[in-house]
Structures are given as C-alpha cells and as structure tokens.
Amino acid sequence: MNQPMQMRDRQLMAMSALIQLEKRVRAAATPDELAFLMVNDTHMMVAYRQAALWRADEQRLQALSGLAVPDRDAPFTHWITRLFRTRADGEAGRRIHPLSAAVMETEEDGETWKEHLPPHGLWLPLSRPDGTLQGVLLLARDEPWADHERSLLELVADAYAHAWAALVRRQARRSVFTRKRRLLAGAAVAVVLAMLIPVRQSALAPAEVVARDPVLIRAPIQGVVEEIKVRPNQSVAAGELLATMDGREMSSRLDVARQQLAVADAELRQAQQSAVFDEKSRAQMAVLQGRREQHAAEVAYIQQLLERIRLTAPRDGVAIFDDPGDWAGRPVSLGERIMMVADPKDAELEIHLPVADAITLESGAEILLFLNIDASAPVPAVLERAGYRAAQTPDGIMAYRLRARFERADERLRVGLKGTAKVYGERTILFLYLMRRPLAAMRLWLGL
C-alpha cells in the first residue's frame, strides 16, 4: 500500500511544481526574465547541473544557469552558440532528444563537451504552433534522462514556447513603437533646428528701367494735339520740335484782337484831333487810351500763346512716350503730360513690391534685376529709397514703390525695359521666412 501512495504523492508534487512554474512563467514581464526563469527554475521539475538557452531569431546565447548575463566573448559561449546553430537546422532540431559528447559531429566538439558539460544532455526545442523554432533549452546532468522526465519536460517546453512567443511579440511591438517614437522625436527636433537656421529674406517683384531725371513735356494750353513730330525713343537735340498744338482758334482770336486794336487806334487818333476844339473829345482821350492799351495787351498775350503751341526739346536726350497715333487729334488739358525727354544713359530701377511680399528693407539693400529680354545674366542694383505707403499699381495691386540705382553700366539697359527684381532684406530664421505670408494673413484676420 505504501508504494502506490508514494507514487501518487510524487505525482501530486510534480503537478504542484508544474502549476507553480507555469504561474511564474505567466508572471514573467520580459524575455530576459523568462529566459532566466527557464535556465534556473526548471530545476523545480527535474534535477540538472547546467542549462543553456539559445535564441533562434537573434542566433545568440540568451541565458546560462547560474549567471545573470552570459559572457559573450567567452570561448564556451562561442562554442555552444555554434553547436546550437548547427543542430537547430534540420528536422532533429525540432524534437526532444538526448545529447552527449558521443553524438558530437567532431572529436573536438566531443572533447569540449566533456570539458564544460555533464555527460547527459537533453535538447528541448521551443517551437510555435506552426513549427517555427524560437529557441532551444539545453539541460545537462550526470544521470541519464528517464522517459517520464522527458514527457514532463515536453509539457514545460510547450508552456515556455507559448510564453516566449507572447513576450517576444510584445517586445517587438514595443520596440517598433519605441523606434517610431524615437524617429518622430528625432524628425521633430531636426525640423525645429532647421526652422532656426538663419536665412536671408528675399522677395520677387515686377520692375522697370526708368529715366532718373526726365524732363516732362506738358500741354502749355488747353487744346488739341495737332501732330507729334518725333518717334518714341528717338534721340532729340535741345530746341528740336517735338509736337505742335492746334493753333487755328488762337489765330482767329489774334485776328479779332488785332482788328479791335486797330479800331481803338483809330478812335484814339480821332479824339486827339478833335480835342483842340472839342472839350468832350478831350475828356474821352483817357478812356480811349486805356481801351487801346487793353487790346494791345490782348494781342501780345495771344501771340505768346501761339508761340507756345510749338513744343520743343529743352535738352538733349530721347523722347519717351507711347504710340504717336494715340496723341494726334487728342484733346488735352493744361499741364497734361504728353511725353518725357531723358538721358538714356542716366537710368534707374523702379520696383513695385506687393504688400503681401513686403519685407524689411534698408537703404543700400542688394537687388538683382532679371530682364525679360535676358534673364540669364542679372543686373545688380542697390536700393536708394522705398515708399512708406502702398499705392495701387496699374495692374490693380497694392504695392510699395522702390527706387534703385544700377551698380555698373550695362549695354542692355534701356529705358522702358521690364523684368523681375529680386530684393534681399535682412536675415531672419527660416520659420519666419516661410511663415511670413500665413502670419500676415492671420494678423490681418485677427485685426492685430
């Protein structure tokens, strides 16, 4: 009666130990903790003297019994790692089987086994349900392995494999998440640092080559332009006739004024002759004299106006205006601009900088002009002055008017040429440079 009871007690003890071991396996939080448990606490189920755990996905020795961390540079670590790699390949590596120095493939491996391990080893593969090998637990001791111990260890190996797969999968997800979080953090830091890089502000704006000090040719009287005598951009000399105004009305007024002057002269002479005998005629002489002087002044004024209907060039230069056909027969008011006469070599740059692209500019700022006729070689210029108030351009855009002088003479420069000017401002950080438009729009929207 005692022998069956002893057998049942041993079975109950083994079952209790297995339950406790599984409980500790489920409590393991990391693969390292589980690996330490496998090589040390399996001793609760069977007795052994040495244990080693090999990890298949990383092809390395994970844990050794009695050691917190295996020495990866030790000769034994290299040897047993190579042994695991060699024997894990093939069908034999996926089933439980005994192992000893006698079954080593080489005599050198056998001698190494005898030197470092007990004579009887047991190969315990840790496989997933699909048969994929996750690792191998090798137990070694001085006594041979019994069949019931192999059956019990097969159950333990299944529990180990299940827990190992769960922990490695969780660690992989955590590792991926940590790696992504680190990448995102690194990218965020890189973006922030990039946004702090100092850059030079610049803006593009339409520009035109204009005369520096042109002389305006305006309408001297209110009337009609009769004829334009020159062509646009034609070179003219001082005193050369540029245009004429219609003088027929003035000529008629002059004829009338002259007739009135002649009548006034006749009336005055008649009064002078009658004044010797006629007291009344003597009294009218002063009135007639004044009337005669009034008509004479009117004649002189109209003659001056007739002289002014001939518009002449006040200086040497080129005549700047649009199509002559637009002016012939066109009525103009007093002072209305008809054309300009300017020195073609004395030109400057006029820029219309849109309000949306406005940047901080100081006198002397660098400018590059890309001419429409030749954008491959920009012309350098220097900012001289900038308008303090934006005005509407002919294109309907609110813009600041900038004036710049060219740094050197260029044969391509000609009054009237247009292009695109790149204006360089002060340095600022890249964030403010890129966000100046959104920030300006937000400021306008908020009314700040």
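In which sense do strand 1 and strand 5 pair, and over how many bridges? I looked this up in a predicted model. Strand 1 (residues 50-55) runs antiparallel to strand 5, and I find six bridges between them.

Strands 4 and 5 form a hairpin with five residues between them. In the turn, Gly 131 has a positive phi of about 95 degrees.

Is strand 5 buried or exposed? Nine of the nine residues of strand 5 (residues 133-141) are buried, so the rest of the structure largely encloses this strand.

Most residues other than glycine have a negative phi. Gln 59 has a phi near 55 degrees and lies in the loop between strand 1 and strand 2 (60-64). Gln 59 is partly exposed, at 34% relative accessibility. Asn 233 has a phi near 65 degrees and lies in the loop between strand 8 (223-228) and strand 9 (235-236). Asn 233 counts as partly exposed, with a relative accessible area of 42%.

Last, I looked at surface charge. Arg 128, Arg 169, Arg 170, Arg 173 and Arg 174 gather in a positive patch on the surface. Of these I followed up Arg 169, which is in helix 5 (residues 147-195). The relative accessible area of Arg 169 is 47%, so I list Arg 169 as partly exposed.

Key: Residues are numbered from 1 along each chain as its sequence is written. This is a predicted model: local features need pLDDT of at least 70, side-chain atom pairs count only at pLDDT 80 or more; totals for chains, interfaces and linings use all residues. Side-chain values use heavy atoms; hydrogens and water are left out. Patches are made of residues with over 30% relative accessible area and no salt bridge: like charges are joined within 9 Å, nonpolar side chains (Val, Leu, Ile, Met, Phe, Trp, Tyr) within 5 Å. Accessible areas come from the Shrake-Rupley method with a 1.4 Å probe; for residues, only the protein chains shown count as cover. A salt bridge is a side-chain nitrogen of Lys or Arg within 4 Å of a carboxyl oxygen of Asp or Glu. Lys and Arg count as positive and Asp and Glu as negative; His and the chain ends are not counted. The place of a charge is taken as NZ of Lys, CZ of Arg, CG of Asp or CD of Glu. Helices (H or I, at least four residues) and strands (E, at least two) are DSSP runs, numbered from the N terminus. Buried means under 20% relative accessible area, exposed over 50%, partly exposed in between (1.4 Å probe, protein chains only). Two strands pair if DSSP finds at least two bridges between them.
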